[in-house]
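Thanks for coming. I will go through one structure today, starting with a salt bridge and ending with the pockets.

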Amino acid sequence: MALTLAAGLKAVILVLDVTPFNADEAVVALMARHILQGERPVFFYGQAYLGSLDAWLIAGAFLLFGQSVLAIRVVQAALYLGTVATTYLLGLKIFADRWTATAAVLLLAVPTVLETLYTTATLGGYGETLLIGNVLLLWTIRLRERAATQGRPYLEWLLFGVLAGFGFWAFGLLGVYLLPIGIALILHQREHRDRKETTRFFFVLSVDSVANYLSALMGFALGSAPWWWATLFGAETISELGGSAIANASSGPLLHLFAFVVLGLPVIIGLRPPWAVRWLALPLAPIVLVLFMGAVGRAAKLSLHDWKRALLLSICIVVVVAFIVTPFGADPSGRYFLPLATPMALFIADLLNRARREYPRAAVALLALILSFNLWGNADAMLNFPPGFTTQFDEVAQVDQRDLPAVIDFLKAQGETRCYSNYWVTFPIAFLSNETILCSAALPYHLDFSYTTRDDRYRPYTAAVAASDRAAYITTNHPPLDGRLRSEFDRLGVTYNETSIGDFHVFYGLSRKVAPREITLKENSAAHLP
């Protein structure tokens with residue numbers, strides 16, 4: 001039933017088309033297309049982390065269903081259904097109770113807006129991380145249980161390591177699972193060893209433990225081989241993994257802690273959407289908040305005597321600590337909290353099951369209330385489109401992509417197939433135009449004109465625009481930049497035409513090609529576009 005409910009909610013969201021097709025998703029889609037054309041990307045274009053696994057899966061969907069946004073979303077839905085199914089198995093393994101397992105998957109079938117968003121639109125690896133994380137948790141329980149009866153499952157440890165390494169390459173966020181899993185396996189081996197009485201068995205088991213660990217490490221190295229290969233050839237994988245790309249936006253652990261309390265907790269619980277600071281389902285929010293806190297408190301208490309609960313709770317702790325102490329705490333969207341989805345669903349379900357023993361009707365009513373709360377938040381996003389389920393926290397980047405096909409038709413009619421634009425236009429327009437219109441992401445989109453060359457992620461597009469003898473300019477939601485372009489074109493003696501199509505503003509028919517480096521951004525400033 002839960003799988004049907006989850007699939008049904010995804011289907012409604014896809015049919016209503018209330019999830020904008022943004023640039024991050026378009027990059028993955030283009031990678032998938034290029035894979036079918038013979039390219040072999042290792043990482044998300046323009047960076048040295050977030051492996052191309054998602055793009056490979058989408059490439060397979062393109063072969064089956066054709067190259068469309070819907071095919072991308074089908075892959076994400078399938079991954080999430082896998083997460084829901086494995087959560088049910090975790091509920092049985094950890095809590096040994098079908099009601100708890102069922103309640104947990106119902107909470108995932110109708111999840112918070114945060115979970116709905118990032119399991120519908122892809123940013124390149126969140127769906128895979130949630131599923132692989134669940135599988136590794138199940139496998140960890142199996143390894144611990146099997147170690148008590150079989151001391152030399154080296155092949156199984158090797159395969160376990162391969163999956164862990166593969167998942168790490170796909171997305172380093174898997175590390176929030178790997179650290180608690182590693183500790184759980186090591187502590188169990190020590191506990192099992194210390195229970196043995198003879199020196200001989202102590203020695204043999206110690207050797208077996210080392211062999212198991214070495215097998216897992218060898219498997220990890222094999223599974224994560226693309227990551228190590230890129231590192232050996234100079235890719236900045238380690239610094240990227242530590243958040244170097246957003247380090248400049250980081251404001252330190254104290255402010256990250258503040259952001260976690262003020263922005264993080266509300267989005268985790270479902271009190272606000274990831275893209276805005278406003279309340280969702282406010283009449284039900286206080287009850288849901290109390291249940292959330294109660295579930296955490298019960299989990300913390302029982303984890304002292306139950307290693308399986310402690311394993312789940314440790315994942316939550318690692319997620320929160322990593323958010324606070326690393327540069328990733330500068331991201332207010334809440335996407336880095338997604339690994340909390342499965343543990344919290346299980347903890348809340350366990351709390352409700354405890355209440356069910358004395359108050360069965362009340363427990364069912366509370367479960368229905370949480371589901372209603374989550375559904376309310378999802379319905380709110382569906383009814384308020386745009387922005388709908390958007391991955392953009394910054395309003396200036398919340399571009400209504402529904403007008404992009406009209407922009408493509410207009411550009412083709414004007415003979416403009418090469419453009420300068422910003423990140424949020426460059427990659428969606430390339431995918432939707434079947435790469436007949438190529439842009440260089442050389443323009444800023446922030447209202448303060450800040451820009452990073454990291455936005456220009458795919459150099460062949462930049463080269464194609466540079467080789468063209470004409471290029472249009474496309475901006476979005478940026479009147480100051482539009483005004484600056486007009487004044488700079490006038491200063492250079494360049495005539496042009498312009499038009500607006502929804503959120504898109506197009507400068508076209510320039511009397512000569514103007515490269516961004518010729519344009520000064522601000523008055524009395526030497527700052528130029530790249």
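Arg278 has a relative accessibility of 31%, so it counts as partly exposed. Please keep in mind that this is a predicted model. The partner of Arg278 in a salt bridge is Asp380, and their closest N and O atoms are 2.8 Å apart. Arg278 sits in the loop between α13 and α14, while Asp380 belongs to helix α17, so the bridge ties together parts that are 102 residues apart in sequence. Asp380 comes out at 18% relative accessibility, which is under the 20% cut-off, so Asp380 counts as buried.

There is a second bridge of this kind, between Arg470 and Glu416, with the closest N and O atoms 2.9 Å apart. Both residues are in loops: Arg470 between α20 and β3, Glu416 between α18 and β1, and the pair ties together parts 54 residues apart in sequence. Glu416 is buried, at 2%.

Next, a network: Arg298, Asp306, Arg309 and Asp350 are joined by salt bridges that share partners. Over the whole structure, the search finds 19 salt bridges.

One more pair is Lys93 and Glu145, with 3.6 Å between the closest N and O atoms. This bridge links helix α4, which holds Lys93, to helix α7, which holds Glu145, and the two residues are 52 apart. Lys93 is partly exposed at 40% relative accessibility, and Glu145 is partly exposed at 37%.

Now the surface. A nonpolar patch is formed by Leu255, Leu257, Phe258, Val261 and Val262, with about 450 Å² of accessible area together. Phe258 is in helix α13, residues 253-269. With a relative accessibility of 53%, Phe258 counts as exposed.

How much space lies in the largest pocket? About 1,200 Å³. This pocket is lined by 38 residues, and the closest to its centre are Ile246, Asp331, Arg335, Trp424 and Tyr445. By type, the lining of the largest pocket has 20 nonpolar, 10 polar and 8 charged residues.

The second largest pocket has a volume of about 420 Å³. Its lining has 19 residues, with Gly172, Leu173, Val176, Ala322 and Phe328 nearest the centre. Helices α9, α12 and α15 each give two or more residues to that lining, and α9 has the largest share, 5 residues. The lining of the second largest pocket divides into 13 nonpolar, 5 polar and 1 charged.

That is the end of my part.

Key:
Residues numbered from 1 in each chain as written. Predicted model: local features only at pLDDT ≥ 70, side-chain atom pairs only at ≥ 80, totals over all residues. Heavy atoms only, no water. 1 Å grid on protein atoms, 1.4 Å probe; cavity = no way out; pocket = protein on both sides within 12 Å on 5 of 7 lines; lining within 4 Å. Points joined across faces, edges and corners; volume = space filled by probe spheres on them. Nonpolar A, V, L, I, M, F, W, Y, C, P; charged D, E, K, R; others polar. Helix = DSSP H or I, 4+ residues; strand = E, 2+ residues; numbered from the N terminus. Patch = residues over 30% accessible without salt bridge, like charges linked within 9 Å, V, L, I, M, F, W, Y side chains within 5 Å. Areas by Shrake-Rupley, 256 points an atom, 1.4 Å probe, with all protein chains shown as cover. Salt bridge = Lys/Arg side-chain N within 4 Å of Asp/Glu carboxyl O. Buried < 20%, exposed > 50% of the residue type's maximum accessible area, 1.4 Å probe, protein only.
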